[in-house]
Amino acid sequence: MKKAAAVVVAGWAMAGAAHGAELTPVQKQMRAIYQELVETNTTNSVGSCTVAAQKMAKRLKAGGFKDSELQIIVPPGGPAKGNLVARLKGNGSKKPLLLLAHIDAVEAKREDWERDPFKLVEENGMFYARGSSDDKAMAASFVNNMLLYKKEKLPLKRDIIMALTCDEELVPSDFDGAEYLVKHHRPLIDAEIALNEGGGGLLDKDGKPVRHGIQAGEKIYQSFQLEVTNPGGHSSAPYKDNAIYHLAEGLARLGQFSFPFKLSPVTRAYYERMAQIEKGQVAADMKAILQDPPDPAALDRLYAVSPVHNSTVRTTCVATKVDAGHADNALPQRARATVNCRILPGEPIAEVQATLQRVVADDKIRITRIGDGVDGPMPPMTPTLMKAVEEISNDMWPGVPVIPTMSTGGTDGRFLNNAGIWTYGISGMFHGPEGSGAHGLNEHIRVKSLYDGQEYLYRLGKRLATD
């Protein structure tokens, strides 16, 4: 980790905060914003994104933002689903830069956590709380940085827009803040480039940075219901035409099936660069799957290392829920299963559905969509963006490679990419091999990683908006 001279931001020294070190004024401001946001419950059950948005708007207004530069958008019928949009005006010579972060958080039960999930706890160089990593770290960073940009009166070539949105985490959901803004308030957030969650860095077991990821594109989320119906009957007189057997046999066939191997420019670049970082058999296998044709044995070995490798190179569909029968002494009249698919960008959902029907190979299994997945194209890895990302990263973490990635999960970026607002996941926030616990128990982020990420995002936003 770089420990050179501190970087001056808005007249304040921005040094990496080591555990126990005194915070700089910028870091103190960042911590206060972060703590307020984390300790505002924004879960779907009892929380309110609107309250969180109002608190962040109040901070921005105290920092010099006018009412005309702030908008809280609350959708009809969703009083707790408020979204905050803030704008710093530039000279208009370039299209705006959008800073996107969601402020809702996954549910958390106090009895399951070691600490109160809705109190920010700093312990042994970590911040613990629900949302501490996903995604209030980025949201707080953006609020903090908007205050810095305002204070500095930067000569902006493009507007900087910040959107803090609600309900990214709620699946399935009838509402998503980013989607709502795209559909109903597009002029408020229309931009050329958006920075979003989904990227970040990896530390080794000794806390040394290994790689810094930038996400470009993500897989399409689409679930399907598989259903078999039957007249049923008395269990004392069974016959072979059984709804559960039909469904089970179809699912078994699906479990043995793999969608075709495909590499995009982003995933190819990922394996090309990762092959230079990894060592031994893993590095050799990464090179082997880049060949034409790819080495299937190499892919099998990579899959054994982590199933993420399999998800990176192909569409995946997996059974996640089963519901069948209505009584212990009756033949099943209905058997249902949910199959969740994560589809490679560019693969039509209808084709995946047709493949599922072919693979289960049973006309009695009816397959229907659960909701409508959003197909999002892969954003281009433009030289201007990549140069800024890599130069700032190398300045803060010398020699640590920037690795393009495709998310095998999902973010709000799918709505923006689909609308032509190219969205990239990049945070400058590093996690250790243990991960962050996002969506799980004892979610956390390293204290130093939070402050480093805020600084990285500050520099990147400033450069993209002023160059």
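The torsion about the S-S bond between cysteine 317 and cysteine 341 is about 115 degrees, so this disulfide is right-handed; a disulfide here is a pair of cysteine sulfur atoms within 2.5 Å, and in this pair the sulfurs are 2.0 Å apart. Because cysteine 317 lies in strand S14 (residues 316-324) and cysteine 341 in strand S16 (residues 334-343), the bond ties together parts that are 24 residues apart in sequence. Helices (H or I, at least four residues) and strands (E, at least two) are DSSP runs, numbered from the N terminus. Cysteine 317 counts as buried at 14% relative accessibility, and cysteine 341 counts as buried at 0%, where buried means under 20% relative accessible area, exposed over 50%, and partly exposed in between (1.4 Å probe, protein chains only).

The model is a predicted one, in which local features need pLDDT of at least 70 and side-chain atom pairs count only at pLDDT 80 or more, while totals for chains, interfaces and linings use all residues. Residues are numbered from 1 along each chain as its sequence is written, and side-chain values use heavy atoms, with hydrogens and water left out.

By the sulfur distance rule the count comes to two disulfides, and the other bond joins cysteine 49 to cysteine 166, with the sulfur atoms 2.3 Å apart. This pair links distant parts of the chain, 117 residues apart, since cysteine 49 sits in helix H2 (residues 49-62) and cysteine 166 in the loop between strand S8 (160-165) and helix H4 (177-184). The torsion about the S-S bond of cysteine 49 and cysteine 166 is about 75 degrees, so this disulfide is right-handed. Cysteine 49 is buried, with a relative accessible area of 2%, and cysteine 166 is buried at 1%. When the bonded cysteines of the protein chain are numbered in sequence order, the pairing reads 1-2, 3-4.

The division of the chain into domains comes next. Domain bounds come from an automatic or database domain assignment, and the protein chain is divided into domain 1 (26-218 + 377-466) and domain 2 (220-370). The C-alpha centres of domain 1 and domain 2 lie 32 Å apart. Where the domains meet, 17 residues of domain 1 are in contact with 16 residues of domain 2, contact meaning heavy atoms within 4.5 Å. The area buried between domain 1 and domain 2 is about 1400 Å², of which carbon and sulfur atoms give 73%; buried area is the accessible area (1.4 Å probe) that two parts lose on being put together, summed over both. Of the area that domain 1 buries against domain 2, Pro404, Met406 and Thr408 supply 36%, more than any other three residues.

The side chains of glutamate 390 and arginine 273 meet in a salt bridge, with an N to O distance of 3.0 Å. On the side of domain 1 that touches domain 2, strand S11 (209-218) and strand S18 (402-407) each supply at least two residues, and the largest share of that side, five residues, comes from S18.

Some individual residues deserve a separate look. Asparagine 144 is placed in helix H3 (residues 136-152) and is buried, with a relative accessible area of 0%. Leaving aside neighbours within four places in sequence, asparagine 144 is in contact with Val26, Gln29, Met30, Ile33 and Gln454. Lysine 205, by contrast, is found in the loop between strand S10 (200-203) and S11 and counts as exposed at 72% relative accessibility. Lysine 205 and proline 433 are 228 residues apart in sequence and 6.4 Å apart in space, C-alpha to C-alpha.

Most residues other than glycine have a negative phi, and most peptide bonds are trans. A cis peptide bond joins aspartate 134 and aspartate 135, with omega about 5 degrees, and the peptide bond from aspartate 292 to proline 293 is also cis, with omega near 5 degrees. Lysine 153, in the loop between H3 and S8, has a positive phi near 55 degrees and is exposed, with a relative accessible area of 70%. Asparagine 442 has a positive phi of about 55 degrees although it is not a glycine, and counts as buried at 14% relative accessibility.

How values were computed
A salt bridge is a side-chain nitrogen of Lys or Arg within 4 Å of a carboxyl oxygen of Asp or Glu.
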